[in-house]
Amino acid sequence: MASSRTVIIAGAGIGGLTAALAIARHGFGVTVFDQAQRLEEIGAGIQLSPNASRILIALGLGEQLRRHVVAPEELRVMNARTARVLARAPLGAVAEKRYGAPYWVIHRGDLQAVLIDAVRVHPDIVLNLGARVEDFALNEDGVTVFARSAQHLLEDRGVALIGADGLWSSLRRRLGHRREPRFARRTAWRALAPADALMPELRAPAVNLWFGTRAHLVHYPVRGGSLVNVVAIVRDDWREPGWSAPGERAEILARYRAPMWSAVPRALLAAPEHWQKWALYDRPPLARWGKGAVTLLGDAAHPMLPYLAQGAAMAIEDDPAGAMRRYERQRRGRAARAQRAARRNGIVYQLGGPGAFLRTLALTAIGGERLLARYDWLYGWRPA
């Protein structure tokens, strides 16, 4: 049985592992349950904007992460048809000086490996794999958690329970939020391309965003620049749940055909041999995240579409080490704002016709420094 100073976390994703490290720093024991038998280093790239990197550095992970990250020098926004650069926003040293923390990009597997290593060696954190938290019961001194493994039903007690079990969270449903995630009518395709197979402009240390009609494209280097992470997002009716359905290169190339897409981005899309895809879902902001000694974190609380590159960052920001309702009050408004901003970006990124023309005029007029300044509310955040 867990002690009265133990916090239980359901889910060992990026948000759950980061929360375990943060909570342990406050003097609590932490028990983490995850249904996976082993934590695999899956996925592709993640953008760690300064609001996320400062937290990971404060947790003592800066040195380990620097072995894996790339620090992009700029954000480049480009027109898909003409390959014209519409706007450049400085990152690198400029962003680090402005926000007091670096802007990094990293392979998801590398970030997860650093977090797992830190959790495994921490004396106050226990990691229980192959066990899924299914239910809980509130009591006077905390919460009793019921989990299921392949062989046993498990029962554990703690002072609090944090549901970090993702978009399809069973604990969110158990808390009374029964609406299913809503399909965004978009599919995201991801792949990794070997950098040495690409033209120099495609492997430069930059975050690149290509605007097209009914589709857009993001790419940036990872793993010391040896690979380029590619994410292509298209309008689609395919809605199969999951994160790693196989995709065919011919299909994604057909979605990005000439003349709507110029030769440069098409060359990038042709480079990877293997593609994976996932249907995009989100949920509207919640007015209430928890009850008693139970709360939610990350995608379980505030899933968001990828157009702001803040899904992982928002989960990293979540730190429910204090009183649950205070944590929720501090986080709800900011997370909801990020959710709304991501949805707006998803519309803007894939405009066609007059809307695309007006978008180009606005980007050309605003300039790089002012474009970066629009995200001061996001990147400049610091823990309370």
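A salt bridge is taken here as a side-chain nitrogen of Lys or Arg within 4 Å of a carboxyl oxygen of Asp or Glu. By this criterion, a search of the whole structure gives 20 salt bridges. The structure is a predicted model, in which local features need pLDDT of at least 70 and side-chain atom pairs count only at pLDDT 80 or more, while totals for chains, interfaces and linings use all residues. Residues are numbered from 1 along each chain as its sequence is written, and side-chain values use heavy atoms, with hydrogens and water left out.

One of the salt bridges joins the side chains of R148 and E134, with an N to O distance of 3.2 Å. R148 belongs to strand β9 (residues 142-149) and E134 to strand β8 (residues 131-139), so this pair ties together parts that are 14 residues apart in sequence. Helices (H or I, at least four residues) and strands (E, at least two) are DSSP runs, numbered from the N terminus. R148 is partly exposed, at 42% relative accessibility, and E134 is also partly exposed, at 33%. In this classification, buried means under 20% relative accessible area, exposed means over 50%, and partly exposed lies in between (1.4 Å probe, protein chains only).

Strand β8 also contains A137, which is partly exposed at 31% relative accessibility. Contact is defined as heavy atoms within 4.5 Å. Not counting residues up to four places away in sequence, A137 touches G142, V143, T144 and F146. The C-alpha atoms of A137 and G225 are separated by 48 Å, the two residues being 88 residues apart along the chain.

A second salt bridge pairs D237 with R185, whose closest N and O atoms are 2.4 Å apart. D237 is in the loop between β15 (227-235) and β16 (245-247), and R185 is in strand β12 (residues 182-194), so the pair ties together parts that are 52 residues apart in sequence. R185 is partly exposed, with a relative accessible area of 44%. The loop between β15 and β16 also holds D236, which is buried at a relative accessible area of 13%. The side chain of D236 makes a polar contact of 3.0 Å with the side chain of T187. A polar contact is a pair of N or O atoms within 3.5 Å; within protein, one must be able to donate a hydrogen and the other to accept it, and residues adjacent in sequence count only if both atoms are side-chain atoms. With residues up to four places away in sequence not counted, D236 touches F183, R185, R186, T187 and R255.

A further salt bridge is formed by E317 and R334, with the closest N and O atoms 2.8 Å apart. E317 lies in helix α9 (residues 311-317) and R334 in helix α10 (residues 324-349), so the pair ties together parts that are 17 residues apart in sequence. Both E317 and R334 are buried. A network of salt bridges links E317, D318, R331 and R334.

Helix packing was examined for helix α1 (residues 14-25) and helix α5 (residues 108-121), whose axes come within 10 Å and cross at roughly 35°. Axes are lines fitted to C-alpha atoms, for helices over the stretch in contact, and angles run from 0 to 180 degrees between N-to-C directions. The contact involves I14, L17, T18 and L21 of α1 and R108, L111, Q112, L115, I116, A118 and V119 of α5.
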